[in-house]
Number of protein chains: 2
Amino acid sequence: MTEPLRIAIVGFGEIARRQHMPAIARTSRAALVAVADPVRSSPDLPHFRDLQALLRDGPEIDAVALCAPPQLRREQAAAALAARKHVLLEKPPGTAVSELAPLVAAAHAAGRTLFASWHSRFAPAVEPARTLLAGRNITKVAITWKEDVRVWHPGQAWIFEPGGFGVFDPGINALSILTRILCEPVFAKSAELIFPSNRAAPIAAELELSDQNGLPVHAAFDFRQTGPQTWEIHCETDTGPVALLKGGRQLRDGGRLIVDAEKEEYPALYRHFLALTADGRSDVDLAPLQLVADSFMLGRRHVVEAFED
Amino acid sequence: MTEPLRIAIVGFGEIARRQHMPAIARTSRAALVAVADPVRSSPDLPHFRDLQALLRDGPEIDAVALCAPPQLRREQAAAALAARKHVLLEKPPGTAVSELAPLVAAAHAAGRTLFASWHSRFAPAVEPARTLLAGRNITKVAITWKEDVRVWHPGQAWIFEPGGFGVFDPGINALSILTRILCEPVFAKSAELIFPSNRAAPIAAELELSDQNGLPVHAAFDFRQTGPQTWEIHCETDTGPVALLKGGRQLRDGGRLIVDAEKEEYPALYRHFLALTADGRSDVDLAPLQLVADSFMLGRRHVVEAFED
């Protein structure tokens, strides 16, 4: 019988408590054994103020799930890999594409797994969409990813700080799905970035992307949505429209709803992490983060009214 | 005897006339046979208004040197590779890192060379600096790259447009040298980006970079320099300071000036391009462009007074 993978969560905020903790609890051969966070703790688990204290004084662990804001991720990942722990990076995997290559090399040198996770890729309709579209000629893609930042990111000031990505924090989920369901790599052509006058990251963005065949891809991201929320990718194909709806929970082929399931992203994500650690592999796809970096580099900036949380 | 490589220049602005044309003239087995530009021409050469017209109506060519602003580069490169021409990209190689992978694939499929050139790497002191530093322990790097945009880029409005890079247009030259002379890959940690209120690209920037060993690298770029211009990289090492001065023309090891030569970057660059085409290889190092994209993504923006040319 295989021993369970002993995991510590570093950064015990919303995503850790709502998604990682229950997902680990539901994953066989995985056990949550400690938490590191400057403030928050879990009543049943050993608690440490940071990763260093955990590595020094904590129970034996095999892996860490890094769930703190992205600005802290690289240093934590480097320390964990130096201590020969497997590393799961929440998305986005960092604040710079260039910081990942040294981490990949460190994981390889330590014989440990580095997993730059993209939870939206584990939504139930994503793989069926990929399979369906592989047999079609796609002629146009339109992404609409609009959510209310006050509902989904209350009090998360870091999200509007440099390296916090602003509306690209949810928008990168759409890009992680897009780069999974299309066969050809896409690149950024132009971007409009909407910055509130009092914030360091965009609250909305419009991107034009393409592939080598000239496929037009338009993406509209907005954090100012109120009322119904929209997480949709619509593809026009030579045999009719294909739509991924509700953040990857539903798949429509023309008028037909062919997938409609609960999301359950994080249990699937942890099953993949376990498979990676068992096989001694890493999985670091930088394409979504690259598209964001490119959008910032070539984007036009617009300043709008201040945003107060 | 080998036939010369027949080259057309696309985009006949400053850099093409001052550097590419004389460099090709001085390169054996290379011949400039045509120019494509919406306005400018050369009295002795067939002239076409754009690459499409050149490919359709022009003389036989083997290669194109793409010297138009970066916003036009990807589409021109794709068209040239589709016509099975070797491609030399002026720096920066594009406005998005993500646009390069499809071009590399297209070059491979066409059996042609794609050369993302970094002219500053061909400055005479760069390779000696690389060799010298390979034997040292570097403890700190400071880059100062300050030039007067009115002197060096007169009337080049594109440089302050999205995708024009602003002060990163010269700054990326420093980054191309840095990523050549250091053994370890560097990544971006933070950036301050100074935007004039009336411009879409930064006029100055301060970057903090590092490598996996924690080497501190500071870079200061400024387009507002008047008087003496500064293009310097200073390294502190365990055996004293090493300095690359005058944009890579001079190398100092402590108090000793060990290289002091004319720049002659472009003839060396074309010799490398010829070697690549002869060997059927491509050379596309994206590290400098990646550092710029990362700096835009994680940088903090500051708005300063308007800049008038």
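Modeller: A salt bridge is a side-chain nitrogen of Lys or Arg within 4 Å of a carboxyl oxygen of Asp or Glu. By that rule, 2 salt bridges cross the interface of chain B and chain A. This is a predicted model, where local features need pLDDT of at least 70 and side-chain atom pairs pLDDT 80 or more, while totals for chains, interfaces and linings use all residues. Residues are numbered from 1 along each chain, chains are lettered from A, and side-chain values use heavy atoms, without hydrogens and water.

Colleague: Why is the pair A:Glu161 and B:Arg300 called a salt bridge?

Modeller: The N to O distance between their side chains is 2.8 Å. The limit is 4 Å, so the pair qualifies.

Colleague: What makes up the side of chain B that touches chain A?

Modeller: Its residues divide into 17 nonpolar, 6 polar and 6 charged; here Ala, Val, Leu, Ile, Met, Phe, Trp, Tyr, Cys and Pro count as nonpolar, Asp, Glu, Lys and Arg as charged, and the others, Gly among them, as polar.

Colleague: How many residues of chain B are in contact with chain A?

Modeller: Contact means heavy atoms within 4.5 Å, and 29 residues of chain B are in contact with 29 of chain A.

Colleague: How much area do chain B and chain A bury between them?

Modeller: About 2,500 Å², 62% of it on carbon and sulfur atoms. Buried area is the accessible area (1.4 Å probe) that two parts lose on being put together, summed over both.

Colleague: Which residues is A:Phe221 in contact with, leaving aside neighbours within four places in sequence?

Modeller: Among them are A:Ile143, A:Trp145 and A:Phe168.
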